[in-house]
Structure formats: structure tokens, C-alpha cells
Amino acid sequence: MSLLNLHLKVWRQNRGHSGHFQDIEAQDIPDHASFLEMMDIVNERLIAKGEEPFAFDHDCREGICGMCSMTINGVPHGPEKATTTCQLHMRKFRTGDTIWIEPFRATAFPVIKDLVVDRGAFDRIQRAGGFVTVRTGSAPDANAILIGKEVADAAMDAAACIGCGACVAACKNASAMLFVSAKAGQLNSLPQGQPEKDRRTIAMVRQMDKEGFGNCTNHYECEAACPKEISVRWITKLNRDYAVAAVKESLIGHQERAEGGE
Amino acid sequence: MALDSKIPSGPMAMKWSKHKQDSKLINPKNKRKYTVLVVGSGLAGSSAAATLSELGYQVKCFCFQDSPRRAHSIAAQGGINAAKNYQNDGDSVHRLFYDTVKGGDFRAREANVHRLAEVSVNIIDQCVAQGVPFAREYGGGLANRSFGGAQVSRTFYARGQTGQQLLLGAYSALNKEINRGGVTMYPRTEMLDVVVVDGHAKGIITRNLVTGQIEAHAGDAVLLCTGGYGNVFYLSTNAMGCNVTATWRAHKKGAYFANPCYTQIHPTCIPVSGDYQSKLTLMSESLRNDGRVWVPKKAADIGKPPAQIPEADRDYYLERKYPSFGNLAPRDISSRAAKEACDEGRGVGPGGRGVYLDFAEAIQLFGQKTIAERYGNLFDMYERITGESAYKQPMRIYPAVHYTMGGLWVDYNLMSNLPGLHVLGEANFSDHGANRLGASALMQGLADGYFVIPTTIAPYLVTQNPGSITTEHPEFKKALEEANQRTRKFLGIKGKRSVDSFHRELGLLVWDKCGMARDKEGLEEALRKIPALREEFWSSVIVPGSGEACNPELEKAGRVADFMEFAELLCQDALHREESCGGHFRTEHQYPDGEAKRDDESFCYSAAWQYTGDLSKPTLNKEPLSFEEVHLSVRSYK
């Protein structure tokens, strides 16, 4: 194990105020430490000096809860592919490096403090339609719904999204299309999700627009930054599902009856 | 106070059906008048909040994370058990029940475990209907795998992230109900206290983690779904935010804390690498389906690269000691065996605290592609953390604190002795006895939330006049003032030591004296040191910043202050239980071959501790355990 000396430039901001970078010299950082453990060490030293530590979001520290959210040297979750900030380790850096540490930046993700942002918009999109309406206790036997392995595996690929928001932070338009397409795509591709497919797609997309996320202009920075490697093909599927749902809506209005109904 | 577990009468297999039949109902129009407060949004909390709202109750749900989807249930990797018998390998509700009682080393309440096994099958149905993408076979049916402590394949899984997928399912159900208006969600909101009015839990005090605002919420019942207390050890596989505050505060308001000494040490975690370390990472138990655990036979070989140690010089100690379960021996047994090997000087890696988990044979047998399909994400995670590839060399693993079987005492209805206060999931004590089997935590969380509490809360609620207590009640004013005072106290100490430094010291002490192996002398030493450390904490901790804004140090201070008190009860319970069972191993009580020696004569009970106002003198209440179906026997996996 070796020790690193790093020059940090860390974002400081209070809610409702403008922010700035603060220079920090981080000496003797073990290269086996994770990035967040490096931040812990920095914070401990700030506290010892009577200064205020940096606020940052984190919880599971094993790459699954999606809570950690730093942009490191301009890249959400930092330089390593398919890796959340909490799983990024300091052995990926060299002594003498300068590291810029910022919050995930997007209009729809207002800064709460320092590196902590409010991602409530994601929850509100999910609430708008990211579910299958099934009452507890009313489900048929699990094996009564047969789903081919290929379909189940594809749905699982989409379901791997941890809702961290890196896709939004990576996009120059702050678009949430990768997130929304993965969430809608999981359910839209499974038989359980078919009855509400159009309704779900329209509700989630409209909520996304309402939250102030930008449009997708196909730069695919989102896919590159995604710690779970969600494919942009889900965006294609969402566009298709949305087109179908929107055309149906414009031709026959808000659907209350299926074909043949009165 | 006498403990009434309210176990229904009648034969074991009929108790739950009979209980449902006998339970009082509330008509739909009246349900709307009741408010239920659900604290925590993991599997138990989300599923309970969603289901109670579906039934028509008004629900308020609270979590300290920024979204309910991030609760720590999300980190469960391996799977969820259910007695579906889709594999035709002889599984049944009775067998799952039997395995769980035996796995818990005969320290769980039989009736609860049977109910758990019964509803396990409904959970899978429910999750599939929600769109949870479980692994499937080519024919479209659900796939299964094996887990420790069972000889059948009954574990359902979604790659290495079953917890996330089940939680997203419960979260989607919660979202559906929030959207409909039945649930009000309070993210970034931490519970600080329970409010008790005339002996009933009628509300909670919370802190808004964004604005710092301390607020009161009144309800007709309170559900604590707040997880376990593993972080008392500082280093554990739990998320950084997991804490004992909700259950500990409830304990100090009168709820009994049961069996705190039953803590689970998970055998397959990545070993500790340095003192800067903030948490330990679990490698799913499912890896033991294909990985073989070994250490060198000779201590002299520990420094050699593993590939250079010939087969004849390797000790596959689990296969040797437990031939019928082999690498799938239960967690407590596997953990202790790893500790023994390391204590003998045969541990590998830095500090000699590690054993190998080797996939060479499985890769040879099935090919790297198949192994990558099964465990790819775990191998990737291992490489990110250690810088080593488990495809090329064996993983190094060591046991770490993972789960806590103890928790607030509850009766069959999941209600604590404090009327109105219900406790679900890991936060309660009821189903896993002294040791939890793999893939059973997800099962219990969802069983409690989806299927048990929606039935068992009604008998309590019908006795209450809905909405009769509001936050205008003097008890709420008092609790609010206490919470505000406590915050001011933390900020006013202005000492020299950080909260984390205290937490780390407490954790090391508890791990050392009350970890994988415990003895009287060590526990007594811990009981002397904990109060002293607590005193130092309250006089020299430093909490920077203010109470009126986002302040993570203040949040940690509150949690660590409660761990400081709770640790004492943990050690008291471990000291009083003069036997070894499951995750509680007292070195004084073992068979000559090192296996845990239970004392059913003296300790066949759940220990429910009562707060007396003096932390050093809690009162012990006992709930005797009787075993009607599964005969008390020495647990053997040989």
C-alpha cells in the first residue's frame, strides 16, 4: 500500500446561495481507500481544525443504493467505467493529481449543501407511472406467468438502474431519458406491464418534462457515465412506446374503452 | 410485566388461518379515519405502507435517505426463500419451517416461523406480478438456487441484486399509493423519538435533514421498520446510515428489547484492509454454491501464492468438518470455522485474517462464461475493492457483522409490549432465533409488510378512537422540547474528538469482546469500558455546524449516542446468556469438537429487556419457548 498526496478542489455551497471551489491539500491518503473514505479522512482533518466538513450523500458504499453522487474531474462517479463513487478506489489516482469534486449538476437537481443534491424529481417520475397496479394478495401463482429467459434478462438489464442520476449529470442537456427509459422499459417489456403500458409511458414522460429535465440529443454521455451500464437502446424503445401511446391519444383521445367497447 | 405472545391455539399448520379468521375487521369507510405512521422504507416499511394504504388507511411513511428506494434492503445480493417446490426436490412449507427453526438454533418462536414459511409462497407471486425480474429458465418458469442451511433449492434470485429488485417492487407499490394519495412520503426525515400518550404509542418526533426542522407527527399506530443494529460494531456490511435510534428510543419509552446478543457474522466478506476503512463488503453466500473454502494445511504456507499450494497441502475445512453440507454450512458455523483456521495461524492475506474462496474447480467444470453469468457483478465488485481478479486467483474472505436477529420484542401480531407500537422486519426479534439462514431476511421483511401486519394491525386499531390524539397533546410538546434540547446539547459540547472516532473506538471494543466469540471476562471488561467511553463522548465530542440546516455530523452524533447506550445492553445480554447458540458463542460453552453447546434446561427462552432508567440495571423478562413441532435437538450439519 502506498500513500498519495492530492490537491483537491471541492465544491462548497449552502442551499439557496451561490457556491465556490475550496482548495484542500489531502496528504497521505492510502491508495487502498475508497474515494469516499478519502473524503472521510479529509473531513476528519477539517473537524480537527475546527472547520466544517463537506456534506456528501452516501449510504451503502457497495454500489447499489445509488445515494452517492459526485462529479469527479468532470465525470459523474469519476474516471472508472461502470463504477459508482463509493466503489472508486484511490489506486486509480497518482500522487500529485489535482481532483475536482462537484455535485451532480442539473436544474432539476437543486443543491442542498456542498455535494448533496435533491433528486426528488426521480421519485416523482416513478410515482407518475412506474408501477404495475396490482393489489397485495391478488397475484396469480408466479409460474402462471411464463416469461422467456431472453425477455426476463432484458428486463433485468433495465432494472439494474440504481437511480443515481449520473445520466442526468453527464448530459449537456441534463436529460433524464436514460433513467426514464430504463424504468419504463423494464415494465413495458414484461407481460405484467402491458395493460398499463401507454398510460405509464405518457405519464412518466410528461412528469419528466414537467420537472425541467432537458431533451435527449443523442450524445450518449449518459450511457458512458452509467455505473450500471444501462444501454441507450432503452431510449429508442421509450421513443417508440411514447410515439405509439401519443398517436393513440391524439387519434382517439384519452382512452376509456378498448376496441369494441361502448 | 408478563409477556403475552398471543400465539393462536390449535395445530401449528392451522394457527395462521385460524388467526386470520378470528381477527377483527374494520369496514372500508372507517379505515380512512385511521392514520398509521410507518418509519423506514425498506422491504418491511415499503410493503407495509403500500398494503395498508391499499386497504384504505391513511399512511405517513418516513425515511432518512433521499428516496425510499435507497433503504438498505437494497443491498441484499443472494436471494429470497420460498417453499414453492418448483424444483420438485421435496420442499414444502413444513420443510422451510423446520430448516428455519433448526437454523435459528431453536431460539425462535415456532408459530411465527410457521407463518413465515406459509406466506413465503405468496411473496413470490406478489413480486412477479409487480414486474420483479427474477431469473428464469428457458421455458419461462422461475429459476432457483441453493443457500446455506438447506438441502433443497428454494432460493429465488435476480442476478446478484435480489434485494434491489424486491425493494424496487415494494417501492413501485408504494409509489402507486403515493400517486393515489393514500401515502404521504417524508424522505430525508429521521425519527428521533416515539411519543407515548397514556401508555400507547401515538406518534413520533422527526428531524427534517434538509432544513433541520424538528417536527411532531401523530397517528393511531406506529410501525417501526427501521432495520438492525449491526453498526454498533462500526465496521459491518450495513449501510453507513443504519442505526439503532428508532428501536432504542422506543426501548427507552418502554418497549422491551429482546435477544440483542444474537448477532450474525457473515462468513463471506472482503477482509479489512486498513484503519481508514468505513465499511465491509459482503460477497454473497450464493458464491458458496460453486466456490470452495480452504486454507493451507501448514501455517508455513500462508505466504505462498495460492496456485503454488498443491491440493494435498490444502485444507477444505468446511467439506472436511461438515461433509453433508460442506461449503453450504450455515453462516454462524462457517464464520466460526474461518476464525478457528485463522486463530491457528493458517489465515491468508494481510494480517492473516482471511481464507480462500476458490472458483478454479467451478470454472474448469462449467467454464468462465457460466461463472461470470452467475456471479459476474460480485467478481467485478471484488476486483474494484481489492484490485485482484477472482477468475485468476481465489477470493480472500473473512467474516463480518451482517445482520442482527435480536430486536424489539413483539407478539404474534407484531406489536411490542408498548401498545400501538408495531415492529417489522429486522427491527423485531421474532423469526430467526439465534441465527438467520441465508435468503430469509428478504422473506421476513416482505412477509411482515405485505401479509402479516395488514391483518394483525386491525385488532389493535379497533380498540382505538381514530384521530383522538393530535400533536396538540402536551406529550408531543414535551417530546419536541426534549429533541430540541438534545440537538442543542450536541452542538454545545464543542469538544475535541469527532463523532466517527468515538464510533470506531466503540465498534472495536464491541467486536473484540462481543463479536464472533465471547467470554465472561471480556464481556465484563466491555461493560466497564462502555460507560466510561460514553461519558467521554458526552464531554468531548465535537459536532460542527448548526441545527438549522443539513448537518451530517449532527445526524451521526445522535445515532452514535444511542449506540453508546445500546452497546451496554448488548453485552449484558451476552453475559447473561450462559450458553452458546447460533450467532452467540460463549467460549465457556462448547463441545470438545468446538461446536456450540446450548443449555435448553436454563436458556430456552427469549430474553426481553426492560429499561429501568438505569442503563446498568435493566430488568429481564422471559418468554419461554416451547417446541411442539420441531424437537429440540443438537443442531448438526455433519
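Predicted model: local features only at pLDDT ≥ 70, side-chain atom pairs only at ≥ 80, totals over all residues.
1. Packing geometry. Two packed helices are described by the angle between their axes and the distance between the axes. Here α16 spans residues 520-540 of chain B and α17 spans residues 552-576. They pack at an angle of about 165°, with axes 9 Å apart. The angle is over 145 degrees, so α16(B) is roughly antiparallel to α17(B). Their crossing is left-handed.

2. A buried strand. Strand β15 covers residues 395-404 of chain B. How many of its 10 residues are buried? The count is 10 of the 10, so β15(B) is largely enclosed by the rest of the structure.

3. Partners of β15(B). Strand β11(B), residues 263-269, pairs with β15(B) in the antiparallel sense over 5 bridges. In that pairing, His266(B) stands opposite Ala400(B). Strand β14(B), residues 355-358, also runs antiparallel to β15(B), joined by 3 bridges. There, Val355(B) faces Ile397(B) as its opposite residue.

4. Overall form of chain B. The chain holds 18 helices and 21 strands. Its C-alpha atoms fill a box of roughly 75 × 60 × 50 Å along the principal axes. Why call chain B a compact globule? For 638 residues, such a globule would have a radius of gyration near 26 Å; chain B has 24 Å, which agrees.

5. Burial and contact range. Of the 638 residues in chain B, 61% are buried. Take the contacts in chain B between residues at least 6 apart in sequence: 74% of them join residues at least 24 apart.

6. The A–B interface. Contact involves 65 residues of chain A and 63 residues of chain B. On the chain A side, the elements giving two or more residues are α1 (35-48), β6 (111-113), α2 (120-129), α3 (149-159) and α5 (177-188). Which of them gives the most? That is α1(A), with 6 residues.

Terms used:
Residues numbered from 1 in each chain as written. Chains lettered and ligands numbered in written order. Helix = DSSP H or I, 4+ residues; strand = E, 2+ residues; numbered from the N terminus. Rg over C-alpha atoms; globule rule 2.2 N^0.38 Å. Buried ≥ 20, exposed ≤ 12 C-beta atoms within 10 Å, placed from the backbone. Contact = placed C-beta atoms within 7 Å. Pairing = 2+ DSSP bridges. Axes fitted to C-alpha atoms, helices over the stretch in contact; angles between N-to-C directions. Parallel < 35°, antiparallel > 145°, perpendicular 65-115°, else oblique. Left-handed = near helix turned anticlockwise from the far one by under 90°.
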